[in-house]
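Thanks for coming. I have one structure to go through today, and I will keep to a few local features. Here it is.

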Amino acid sequence: MSAHTVPTTTLPGISREIQLASRPHGRPVPENFRLAESTLPELQDGQVLVRNLFISVDPYMRGRMNDVKSYSAPFALDAALDGGAVGEVIASRAGGLTVGDTVVHALGWREYAVVDAAATTPARTDLAPASAFLGALGMTGLTAYAGLLKVAEFKPGDAVFVSGAAGAVGSLVGQIAKAMGASRVIGSAGTPEKVARLLELGFDAAFNYHDGPVRELLQEAAGDAGIDVYFDNVGGEHLEAALAVLNVGGHVAMCGAISQYNATEATAAPRNLAAAIGKQLTLRGFLVSGQRQHAAEFAQQMAAWLADGTVRYDETIVDGLENAPQAFMDLLDGANTGKMLVRI
């Protein structure tokens with residue numbers, strides 16, 4: 001079938017979507033979301049119609065629900081949310097993309113999407129299932145890979161601490177660190193089951209941050225050797241603990257601060273931030289969008305790690321577009337192990 005052929009089967013004219021009905025104050029609630037229908041625009045030259053198979057719900061989306069200036073534009077009220085999605089091309093008016101191709105794009109939170117072909121990337125389903133391209137082989141994986149190796153400047157022999165380590169990014173960070181020669185990898189998580197999973201994935205030590213002060217739990221796990229790299233997904237008490245245990249010359253990659261996303265008032269900085277001076281620490285925030293130059297290197301390396309079992313990934317899959325808001329709220333509460341996905 002040529003790239004410009006539209007199949008004879010009737011194409012959908014309507015798509016269900018999740019809209020932002022109101023802006024959350026603190027923790028999101030179901031009333032902040034609305035299941036709605038919208039008319040799909042006519043396909044233009046250079047565009048494809050995609051039937052979404054999986055959509056991604058991610059912690060960063062919480063910030064976009066606030067009407068504040070940030071690194072990505074806030075979601076509009078009474079309009080569909082967006083985010084990572086992977087789906088099948090069901091009609092094409094774009095050279096190079098044919099019906100049946102699987103692509104990754106940014107118009108999630110809906111059943112069908114009309115997307116510019118230039119805004120898609122192929123999902124190599126010969127290498128891994130489609131869902132992996134929203135996780136281990138997608139932006140999640142690149143976040144872990146570039147954050148650890150490029151931002152935190154990890155080097156073999158470093159001792160690494162990862163917070164939110166059973167999540168989509170954190171679980172990959174720990175395994176990449178082990179694969180690259182870390183002397184010790186420590187993870188924190190919120191349930192005994194997640195702690196057990198981290199040990200199965202090859203972490204040298206893991207603790208449940210509900211079991212006591214994070215600083216004491218981390219100090220016990222690190223021992224006299226301390227830590228050289230902290231990959232921060234949580235912020236707050238975890239960052240304060242890491243600053244206390246980091247060695248001189250240590251590095252922090254600041255990826256997320258999920259402990260603060262639902263806060264209704266400004267949260268305090270770590271009380272021991274001055275430790276960064278005497279220890280000559282490097283604290284560096286980053287966005288995956290600033291690491292795209294490493295995407296090809298990452299994709300090649302991660303595909304090899306997945307193929308030989310060096311890296312494994314977990315998915316928590318919720319079925320049904322109508323359940324996407326609940327999946328997102330559960331994500332913020334830590335209900336997921338690995339990548340949280342909604343299967344459409």
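This is a predicted model. I start with a polar contact: a polar atom in the side chain of Thr143 lies 2.7 Å from the backbone oxygen of Met139. Thr143 sits in helix α2, residues 139-151. Is Thr143 buried or exposed? Its relative accessibility is 9%, so Thr143 counts as buried, the cut-off being under 20%. Beyond its neighbours within four places in sequence, Thr143 is in contact with Val169, Phe231, Cys255, Phe286 and Val288.

Next, helix α5, residues 214-222. The buried residues there are Val214, Leu217, Leu218, Ala221 and Ala222. Viewed down the axis of α5, these buried residues fall within an arc of 125°, so they line one face of the helix. What do they pack against? The partners are β8 (159-162), β9 (184-189), β10 (205-208), β11 (227-232) and α6 (236-245). On the other side of α5, Arg215, Glu216 and Glu220 are exposed. Just after the helix comes Gly223, with a positive phi of about 70°.

Now the charged pairs. Side chains of opposite charge can pair when their charged atoms come close.

One joins Glu111 and Arg16, at 3.1 Å from N to O. This pair links distant parts of the chain, 95 residues apart: Glu111 is in the loop between β5 (102-105) and β6 (112-116), and Arg16 is in strand β1, residues 14-20. Glu111 counts as buried at 19% relative accessibility, while Arg16 is partly exposed at 25%. Arg16 and Glu111 also belong to a network of salt bridges with Glu322.

Another is Asp333 with Arg27, where the closest N and O atoms are 2.5 Å apart. Asp333 is in the loop between α9 (324-332) and β15 (339-343), and Arg27 in the loop between β1 and β2 (33-39), so the pair ties together parts 306 residues apart in sequence. Asp333 is partly exposed, with a relative accessible area of 47%; Arg27 is partly exposed too, at 39%.

Arg64 counts as buried at 13% relative accessibility, whereas Asp82 is partly exposed at 22%.

To finish, the surface. Tyr60, Tyr71 and Leu287 make a nonpolar patch of about 290 Å².

Conventions
Residues numbered from 1 in each chain as written. Predicted model: local features only at pLDDT ≥ 70, side-chain atom pairs only at ≥ 80, totals over all residues. Heavy atoms only, no water. Buried < 20%, exposed > 50% of the residue type's maximum accessible area, 1.4 Å probe, protein only. Helix = DSSP H or I, 4+ residues; strand = E, 2+ residues; numbered from the N terminus. Arc of directions from axis to C-beta. Contact = heavy atoms within 4.5 Å. Patch = residues over 30% accessible without salt bridge, like charges linked within 9 Å, V, L, I, M, F, W, Y side chains within 5 Å. Areas by Shrake-Rupley, 256 points an atom, 1.4 Å probe, with all protein chains shown as cover. Salt bridge = Lys/Arg side-chain N within 4 Å of Asp/Glu carboxyl O. Polar contact = N/O pair within 3.5 Å; in protein donor to acceptor, adjacent residues only side chain to side chain.
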